[in-house]
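Have a look at it first.

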Amino acid sequence: MKPLIVNFTNYKLAPLPSDASSVITIQEGVKNIFQDEDVLKFHPERRLNTDNQVMYHLMETVTGYDNATRYDVFLTDKTRNECIAEIDIITNKGLLKYYPFFNEITKQHPEYKGTWLIEYYLDSRYWNNGMMSILIKKVINHIFENGVKCISAVTNKDNVASERVLIKSGFQRSGMLNKDQTHWVLMQE
Ligand SMILES: CC(C)(COP(=O)(O)OP(=O)(O)OC[C@H]1O[C@@H](n2cnc3c(N)ncnc32)[C@H](O)[C@@H]1OP(=O)(O)O)[C@@H](O)C(=O)NCCC(=O)NCCS
């Protein structure tokens, strides 16, 4: 997949850059995001406690591009030079690596075969301004332009904000993965 790059007036959505000072900006922002108690409320397992864990996480996104398992992108607030969001774009190959239970889902729903998965995390200072909904629409278009037919997402049952983002982007509930998590899908028309 060609890299997703979107330039807004004050924000830029792009993969991990290659120059050292930009990497440090992303590294600091990702650390803030994944140490933010509000962000982690439904995802405590995503916490990144140490600089080493942040670096390891960023290395995974780099290798993800190399082995076509994930194409994560980061949102930078250009006015503050801060990274304020991460969107994980996990390919079908990555999905089967990170979430093998999806094999069962596609057995029950062959129409979801080949699905990709998105996950998204925004610095809580920026919540409820419609920001993630705008970004997710860009991400969806980009994934579909690359020939993918189905995109999945998973929400915790109490995560109303995440559900709203998906509903506003056209996703539909597919079913419960377990008692706490809902699987959502968007099919290419
Ligand atoms: C989910 C998340 C990315 C949303 O980002 P955002 O930019 O605030 O999203 P948007 O502003 O585009 O949409 C949020 C919607 O939820 C609504 N909302 C938020 N909290 C709500 C609540 N407690 N009850 C009802 N609606 C709520 C907002 O009003 C808005 O809906 P509207 O536009 O119809 O008014 C952000 O909350 C986040 O990072 N959460 C933590 C990480 C997470 O849970 N990620 C999802 C993992 S898949």
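## Around the ligand

The ligand is surrounded by 21 residues, and the closest are W127, M132, S133, A161 and R164. To count as near, a residue needs its C-beta atom, placed from the backbone, within 6 Å of the molecule. Keep in mind that this is a predicted model, where local features need pLDDT of at least 70, side-chain atom pairs count only at pLDDT 80 or more, and totals for chains, interfaces and linings use all residues. Numbering starts from 1 along each chain as its sequence is written.

| Element | Residues |
|---|---|
| β5 | 116-122 |
| α6 | 131-145 |
| β6 | 150-156 |
| α7 | 160-168 |

The largest share, five residues, comes from α7. Helices (H or I, at least four residues) and strands (E, at least two) are DSSP runs numbered from the N terminus.

## The whole chain

Zooming out, the chain has seven helices and eight strands. Its radius of gyration, taken over C-alpha atoms, is 16 Å, close to the 16 Å that the globule rule (2.2 Å times the number of residues to the power 0.38) gives for 189 residues, so the chain is as compact as a globular protein of that length. The C-alpha trace spans about 45 × 35 × 35 Å along its principal axes.

## A strand pair

Strands β7 (residues 172-176) and β8 (residues 181-187) run antiparallel and are joined by four bridges; strands pair if DSSP finds at least two bridges between them. M176 has T182 in β8 as its bridge partner, and a hairpin of four residues links β7 to β8.
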